Amino acid sequence: MLGAIIGDIVGSVYEFGEAMGEDFILFPPNAFFTDDTVMTIAVAEAILTDGNYEKAMLKWGKAYPHLGYGGMFQSWLSGHRKGPYNSFGNGSAMRVSPVGFAFNSEKEVLDEAKRSAECTHNHPEGIKGAQATAFAIWLGRQGESKDVIRTEISKRFFYDLNRTFDGLRFNHSMDETCQGTVPVSMIAFFESRDFEDAIRKVVSLGGDTDTLGAITGGIAQAFYKKIPDDMVQKAMALLPTDIKSIINEFYEMFKAE
Ligand SMILES: [Mg+2]
């Protein structure tokens with residue numbers, strides 16, 4: 001989960017930008033946590049308590065408004081829109097990482113990822129984006145190789161993961177859909193050397209960088225196991241106490257950050 005939060009914070013200031021080199025500043029003074037972090041915390045809290053994802057998202061979204069939520073989600077948060085709204089936006093994938101870290105069987109991970117998505121993102125692509133992201137995290141936790149992760153995700157979710165990262169560089173633009181974001185985030189991870197490199201690669205693409213960072217960050221954390229200490233410290237310093245408490249509780253419960 002912390003990997004996703006770090007990816008969100010690193011990507012925060014580069015959102016809507018053009019592609020850039022990978023040697024950018026990870027935590028400039030204006031870096032901040034966005035909706036991706038807040039909704040990740042909501043999913044974690046639901047897992048830690050009663051499993052009610054909708055209730056937790058409403059609670060945390062109201063506590064931390066105006067952090068870049070999509071228009072339809074904002075309307076859902078404010079109560080103007082009731083029930084799920086058939087979204088295939090990447091919000092279902094950006095918030096799902098705690099599911100991949102908390103549950104221990106393939107079935108539970110896929111079922112809970114679906115549940116965490118469908119209170120808002122009940123379009124098949126919205127559910128698929130959450131399931132594919134959580135499942136990649138789960139496979140990474142089991143110590144599976146990148147080849148196995150790539151093959152399993154392609155086979156089950158029909159994403160084209162055989163593109164190269166260099167190829168993406170020339171073809172990437174702002175895209176806030178699951179199907180436009182999840183495979184791209186995975187390809188950046190597949191070609192990375194370590195956690196930091198994965199985050200640098202995906203954020204350097206530009207576009208929806210906080211969400212790309214969040215999706216890649218969760219998967220990279222699960223696979224590499226280790227996030228550099230300075231990245232953890234810099235990100236934690238930017239988080240308020242209530243968010244940090246959920247991160248700590250989640251760690252206590254699942255021995256996963
Ligand atoms: Mg965001």
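Leaving aside neighbours within four places in sequence, Ser-204 is in contact with Glu-18, Ala-19, Met-20, Gly-21, Glu-22, Phe-24, Phe-165 and Arg-169, where contact means heavy atoms within 4.5 Å. The side chains of Ser-204 and Arg-169 are joined by a polar contact of 3.1 Å. A polar contact is a pair of N or O atoms within 3.5 Å; within protein, one must be able to donate a hydrogen and the other to accept it, and residues adjacent in sequence count only if both atoms are side-chain atoms. Ser-204 counts as buried because its relative accessibility is 0% (buried is under 20% relative accessible area, exposed over 50%, partly exposed in between, with a 1.4 Å probe and protein chains only).

The model is predicted: local features need pLDDT of at least 70 and side-chain atom pairs count only at pLDDT 80 or more, while totals for chains, interfaces and linings use all residues. Residues are numbered from 1 along each chain as its sequence is written, and side-chain values use heavy atoms, with hydrogens and water left out.

Ser-204 is placed in helix α12, which covers residues 195-204 and also holds Glu-196. Helices (H or I, at least four residues) and strands (E, at least two) are DSSP runs, numbered from the N terminus. Glu-196 counts as partly exposed, at 26% relative accessibility. Apart from neighbours within four places in sequence, Glu-196 is in contact with Leu-26, Pro-228 and Met-231. Glu-196 and Leu-26 are 170 residues apart along the chain, and their C-alpha atoms are separated by 9.2 Å.

In the largest nonpolar core, which has 93 residues, Ile-6, Val-99 and Ile-153 touch the most other members. Such a core is a set of buried Ala, Val, Leu, Ile, Met, Phe, Trp, Tyr and Cys residues joined through side-chain atoms within 4.5 Å.

The magnesium ion is coordinated at 2.0 to 2.4 Å by Thr-34 (OG1), Asp-35 (OD), Asp-36 (OD) and Asp-210 (OD). Donors are N, O and S atoms within 2.8 Å of the metal (3.2 Å for Na, K and Ca); water is not among the atoms, so sites may look incomplete. Asp-35 is buried at 6% relative accessibility, and Asp-36 is buried at 0%.

The protein chain has 15 helices and zero strands. Of its 257 residues, 59% are buried. Its C-alpha atoms fill a box of roughly 40 × 40 × 35 Å along the principal axes.
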